[in-house]
Amino acid sequence: MLQKVYNSQQRIITFLSRGNNSLILLITLSAFFCFWKLGAEPLNEWDESRNGVNAVEMIQNGDYVNLYYAGEPDTWNAKPPLMIWLIAASFKIFGYNEFALRFPAAMAAFLSLIVFFHLVSRYSDKVVAFFTCIILLTVDGIVGKHVGRTGDFDALMLLFLLISVYYFLSYVDFNSKKGLFLSAVFLGLAFYTKGLASLIIVPGLFVYAVFTKKLLSILKDPKFYISAFIYLGFIVSWFAIVNYFGLKFNSSCYSADNSFQTMWKYDVLARLTSGFNNKLAEQDLAFFFTYLDVKFNLWNYVLYLTLIVLGFGLKRNWVKFPKHEAATLPCKLTVLSCCIFLSMGLILSFAAEAHFWYMAPAIPFIAFFTTQCIKLVSAKVKIYPLFASLILLFTLSLKIVELNLPRKYPDILTANRNLVINAGKITTYNMNRQDYLLYLKLYNRNVTVKNGIKEFTAEAGEVILISNELYDQSQSFKDASWLISRGEVFSFLQIR
């Protein structure tokens, strides 16, 4: 039985090794996992919904530098606007819907898998590259919330960072003259996606240069300093744009004068030192392992088991690392992978505020490291490929089931969708949900956000979404409107 399974695996490997079979199959599977039912997931509160509101209001007011939320300058979201530009363009192409909101991130995740396939193929064979990317399809770190399946920044930054690493390695390991310049350009595009968070991958590249004894030659090369100025040029250009075209904040939630200051003070210093809203630092020293447990699905346990078997094999001298020249490239990429994910894990473990999606740039390299460890063990333990294959099939199946699970939209919005679509004007009072606001704006762009009742003026036929608490306390709303629908937190009214 085991022999038949082994023979089947060999036939699959042979098929994947021929021509572009592995790449074609990867493209097909990646397209399915990245785009299948992309618009079927309800909007997520916070970042995704806020990004969507930023993009809708960018289209409405024509200001492509400053971000707006609820008709006011957004002093909370301080990222450079590249991702918001792409979401706005997607709305223009596909219409105002959930699919359009998520399309840029899904496309970035899809392209990231293709880029990483080509990166691994340069250092190893196509079969290893294929299975590494298939592992990535099964985990939530890429095809999941806050990365490739939601309208957030991280998938796009992941794409640019992977391309930047690709060209950095082209320079370091393959003597590409333009590699360092292109690496700096894509690092700069990562900055325009998520600000100074783009530097999260640089410590790993630095450690790799030290480990491979290339640091001194890099520092002596004028191309390094030109590349540094290229990246710095992206930062300076955004600083100049903000200072020339940007709005000055009169009252910022982070006590900053503009979005550039907010990005520096909050997105970098506060997150590393004091955390959100200046709370006391609460480092999670087990952050890296918690991340693997939550976002690497079952593969973290496969990795731990494989490392134990490898350690046992090395002690008993029946597992040996290959020393011949052909093995140096896979070893280099394995070393680079360790440098990247360990350095990122260490930094985020000591940061005051760290979220799982911050590790997105590391997870492709964790997957490659896992694949390499499985390959080493499989050379001596013949049943190990069967074990890894079963885990792969199981996790792929789980992901397919997850993508097809029924989703529940907010009842009050679903029940009143046609009312919102056909309304001439919509006003919200004390409605503090970002996802609800985006739903309203996707259905009808003529939405005004107000708080309290001091500003209460309404037109006949106007639709109101109001908090139940405010409605119950205000006789003015009761006298001026019909109660159309009441939910647990909010109610829909229509002015008489």
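Predicted model: local features only at pLDDT ≥ 70, side-chain atom pairs only at ≥ 80, totals over all residues.
**Figure 1. A search of the whole structure turns up 34 aromatic pairs.** Phe35 belongs to helix α2 (residues 21-35) and Phe103 to helix α5 (residues 98-123), so the pair ties together parts that lie 68 residues apart in sequence. With a relative accessibility of 21%, Phe103 counts as partly exposed.

**Figure 2. Helix α5 and helix α16 are tied together by Phe116 and Phe365.** A pair of aromatic rings is described by the distance of the centres and the angle of the planes. For Phe116 and Phe365, the centres are 5.3 Å apart and the planes are at 85°, so the pair is edge-to-face. Phe116 sits in helix α5 and Phe365 in helix α16 (residues 363-378), so parts 249 residues apart in sequence are linked here. Are these two residues buried or exposed? Both Phe116 and Phe365 are buried.

**Figure 3. Charged side-chain ends sit over the rings of Phe174 and Tyr471.** In one view, find Arg122: its charged end is placed over the ring of Phe174, 4.1 Å from the ring centre. In the other view, the charged end of Lys478 lies over the ring of Tyr471, and here the distance to the ring centre is 5.7 Å.

**Figure 4. The count of disulfides in this model comes to zero.** Now turn to Cys331, which is in no disulfide either; its nearest cysteine sulfur belongs to Cys338 and is 11 Å away. Cys331 counts as partly exposed, at 33% relative accessibility.

**Figure 5. Strands β3 and β4 pair in the parallel sense.** Strand β3 covers residues 426-429 and strand β4 covers residues 447-450, and four bridges join them. How does the chain cross from β3 to β4? The path goes through helix α20 (residues 434-443), and this β-α-β crossover is right-handed.

**Figure 6. Ser259 has its place in helix α12 (residues 259-272).** Ser259 is buried, with a relative accessible area of 16%. Which residues is Ser259 in contact with, leaving aside its neighbours within four places in sequence? They are Ala78, Trp238, Val242 and Phe249.

**Figure 7. Ala270 also lies in helix α12.** At 8% relative accessibility, Ala270 counts as buried. For a last stop, look across to Ala351: this residue is 81 residues from Ala270 along the chain, and the C-alpha atoms of the two are separated by 9.2 Å.

Terms used. Residues numbered from 1 in each chain as written. Heavy atoms only, no water. Phe/Tyr/Trp six-rings, centres within 6.5 Å; stacked < 30°, edge-to-face > 60°. Helix = DSSP H or I, 4+ residues; strand = E, 2+ residues; numbered from the N terminus. Buried < 20%, exposed > 50% of the residue type's maximum accessible area, 1.4 Å probe, protein only. Lys NZ or Arg CZ within 6 Å of the ring centre and 35° of its normal. Disulfide = S-S within 2.5 Å. Pairing = 2+ DSSP bridges. Right-handed = clockwise from strand over helix to strand, strands pointing away. Contact = heavy atoms within 4.5 Å.
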